[in-house]
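Dear colleague,

Please find below the structure that I am handing over to you, followed by an account of what was found in it.

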Amino acid sequence: MEGVAVIEAALLTMPLSPGVYRMLDAKGDALYVGKARSLKKRVVAYTQIARLPERLRRMVHATRRMEIITTGSEAEALLLEANLIKRLRPRFNIVLRDDKSYPWLVLTEDHPYPQIGKHRGEKRKGASYWGPFASAWAVNQTITALEKVFLLRSCRDTVFESRDRPCLLHQIKRCSAPCVGRVGTEEYAALVRDAKRFLSGETPSIQKRLAAEMEQAAEALEFERAAAIRDRIRGLTHVQGQNAINLEGVGDADVVALHQIAGQSCVQVFFFRGGRNNGNRSFFPSHLKDDAAPEEVLSAFLTQLYDDLPPPPLVLLSHPLPDAGLIAEALALKAGRKVELHAPQRGEKRVAIDHAATNAREALERRLAEGTAQAALLEGVATLFDLPETPRRIEVYDNSHIQGSHAYGVMVVAGPEGFMKNAYRKYSIQGGATLPGAMALRHGAPSAAPPDTPAPEVAEAPLIPEAVAAEVPGGLAATRPAPPSRRGGGSRVASGGGDDFAMMREVFERRFGRALKEDPERQGEGWPDLVLIDGGAGQLSAAREVMAELGLEDLPMVAVAKGPDRDAGREWFHSAGRAPFQLPPRDPVLYYLQRLRDEAHRFAITTHRAGRSKAITRSELDEIPGVGSAIKRRLLNHFGSARGVRQAGLEDLRNCPGVGPSMAARIHEHFHPGATGANLGKHIPGKPPGRPAG
């Protein structure tokens, strides 16, 4: 076998040191990533093909190249293996498919009145972080508790600095209103210290001190202050009672439990920080082996989970692991301190494990039930559109713009497990939004004008484009009246200069042109089994033109057009070779296709709004080379607006703090190309500043 020969050739120069090996296929994609204490001794086992299970035989058979990376120890190899598996996602590894980042709670420290908030991404200096939290909801709950109990502000610094009276949060007793001086710096600092102690698990001592302060205030007849402290104590008690599960005497720990059914696995993780439950998350590792042992799945899961998370000092497991010592050593190497892996058999910790295992079982049962229903829906889609087999990847396309401006095309992807959000794509329209037929012209073909379609309010049946009607048996006479599609018939140019058809052509050319370049043989998993377009016959015709030019006519394509008055449930479906048709209003497949179309529409609108907001915040100063945010801020503070900068003379620009002579000349040249003269930058009475004198 060629794969065995490749491995044997690699063994000739393979060292005995620890490291990581990768098996690659003919295209260079990773088939398997493994670690070893001794690379040569581990890899030689793959040459004994008769002793390997069928899964590994297929892997060896597909191997065309091997790569190795040596490490200083087996623990380092384990960390590197986990990193490569998460990044490369090899087919024959157990892979943790989790693309969501973990939210953290942040407390700024570079401000006299620190702010609490939610944070994702890289940590920065000048702030303290607590987490991770399992979800944004868990962070928001904690922020609400900190507001109620410690009255900390959550507003941005810009809002804080512009307030001249307390906001609503102060009125509902969730902020101490430091923005208007209702609390002093020292008093607010004491609240911040209490909040940090609360997040570190010192809740009982805080509650005891607050109770003493409340009694003192009552004895001094300061009943309003006593009532305020009472409300804070109640909030603290409410937070403590919210946690369904707690671990007494344990500061930072993760509870990890695995449950398996029908060859599938679910891992439930509860995050405890400072003794508080920061929420839980379900994970569904993918693996090709139906009989994968729990210990094997759990070992692979742990190393990948903590590849981008700091491991806590204690990890409680539902199953004892044979390689627990090696994993603990690797995690300790990553954390810079000791990490303990423990599988408790009794006591409170075992109760926590059982609780997590119950959640894992219920989550997996829900997933299997949803998968069964999803499989039935996909089979219905295959039957409806005469697909050769049940689709595993459905791509849905939509456009969004306002009169041709800020135009975006989007692609959402769905499969047997629901929406595949890591496969979503957005396309900023470059030419299709303003130049009708731009993509056809790019190919050297004449630009076809969009077919004419009656306005939506006309009762007569709209025309069917000839490109579609020609493929319907019997021609136009055989087709029944087709409805108006998206945006008034699906065959109408978006008003104000936007061309939906040019946009669709551009999106399809970019999407499938790149796919053909990267995978000309179409052997990868990134090719759709069905393409849905949010639109009508016009959008379908535009997309099919591009697919024909690319030689991809065999990909099934369907356009989903809204019915009269855009009523959900009266959608029309357009596809090549058959007349437009509708489904019964209560057909489950119709509901499923509506969900796909609505998700594409949601993603398109969200993308368009984000792009429009970004454009609104841009200034013409951003177009000047060398002008960064600092210089732009100085210019706007000095001249008041971009218009003031544009009208400023050269001397005025030189006098702006932080803007040197060369930068002033560059800015002036940008707004006044070629302006020269002895009077440049000088003001003449009655003339606007910035215009050359004379």
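Helix α10 (223-242) gives the most to the lining of the second largest pocket, with eight residues. A pocket here is an open set of points on a 1 Å grid over the protein atoms alone, where a 1.4 Å probe fits, with protein on both sides within 12 Å along at least five of seven lines; lining residues have an atom within 4 Å of a point. The space in this second largest pocket is about 780 Å³, the volume being that filled by probe spheres set on the points, which are joined across faces, edges and corners. Its lining comprises 24 residues, and those closest to the centre are L151, E187, A228, I229 and R232. The elements that give two or more residues to the lining are α8 (185-199), α9 (203-219) and α10 (223-242). Helices (H or I, at least four residues) and strands (E, at least two) are DSSP runs, numbered from the N terminus.

Please note that this is a predicted model, in which local features need a pLDDT of at least 70 and side-chain atom pairs count only at pLDDT 80 or more, while totals for chains, interfaces and linings use all residues. Residues are numbered from 1 along each chain as its sequence is written, and side-chain values use heavy atoms, with hydrogens and water left out.

The pLDDT, which is the predictor's confidence in each residue from 0 to 100, averages 80 over the protein chain, and 82% of the residues score at least 70. Over residues 432-497 the pLDDT is below 50, and this stretch has 126 contacts in the model beyond near neighbours in sequence; a contact means heavy atoms within 4.5 Å. Residues 676-694 also have a pLDDT below 50, with 25 contacts beyond near neighbours in sequence. Where pLDDT is low, the predicted coordinates should not be read in detail.

I turn next to the aromatic rings. Rings of Phe, Tyr and Trp (its six-membered ring) pair if their centres lie within 6.5 Å; planes under 30 degrees apart count as stacked, over 60 as edge-to-face and the rest as tilted. By this rule there are 15 aromatic pairs. In one of them, Y424 and F603 are tilted, with 5.1 Å from centre to centre and 55° between the planes. Y424 lies in the loop between β14 (418-419) and β15 (425-428) and F603 in helix α19 (residues 588-617), so the pair ties together parts that are 179 residues apart in sequence. Y424 is buried at 9% relative accessibility, and F603 is buried at 12%. Buried means under 20% relative accessible area, exposed over 50%, and partly exposed in between (1.4 Å probe, protein chains only). Elsewhere, ring pairs link Y397, F508, F512 and W527 into a cluster.

Charged side chains also meet rings. A charge sits over a ring if NZ of Lys or CZ of Arg is within 6 Å of the ring centre and within 35 degrees of the ring normal. The charged end of K123 sits over the ring of W104, 3.8 Å from its centre, and R153 lies over the face of F160, at 4.5 Å from the ring centre.

Some backbone features deserve mention. G131 and P132 are joined by a cis peptide bond, with omega about 5°; P132 is in the loop between β6 (127-130) and α5 (136-150). R89, a residue other than glycine, has a positive phi near 50°. R89 belongs to the loop between α4 (74-88) and β4 (104-108) and is partly exposed at 23% relative accessibility. R522 likewise is not a glycine and has a positive phi of about 55°. R522 is in the loop between α17 (500-518) and β16 (530-534), and is partly exposed, with a relative accessible area of 28%.

- R22 lies in strand β1 (residues 19-24) and is buried at 17% relative accessibility. Beyond neighbours within four places in sequence, R22 is in contact with residues including Y32, R65 and L84.
- P114, in the loop between β4 and β5 (116-119), is buried with a relative accessible area of 10%. Not counting residues up to four places away in sequence, P114 touches L107, T108, R153, Y188 and V192.
- S575 is in strand β18 (residues 572-575) and is buried, with a relative accessible area of 7%. Leaving aside neighbours within four places in sequence, S575 contacts L540, M557 and V558.

With kind regards
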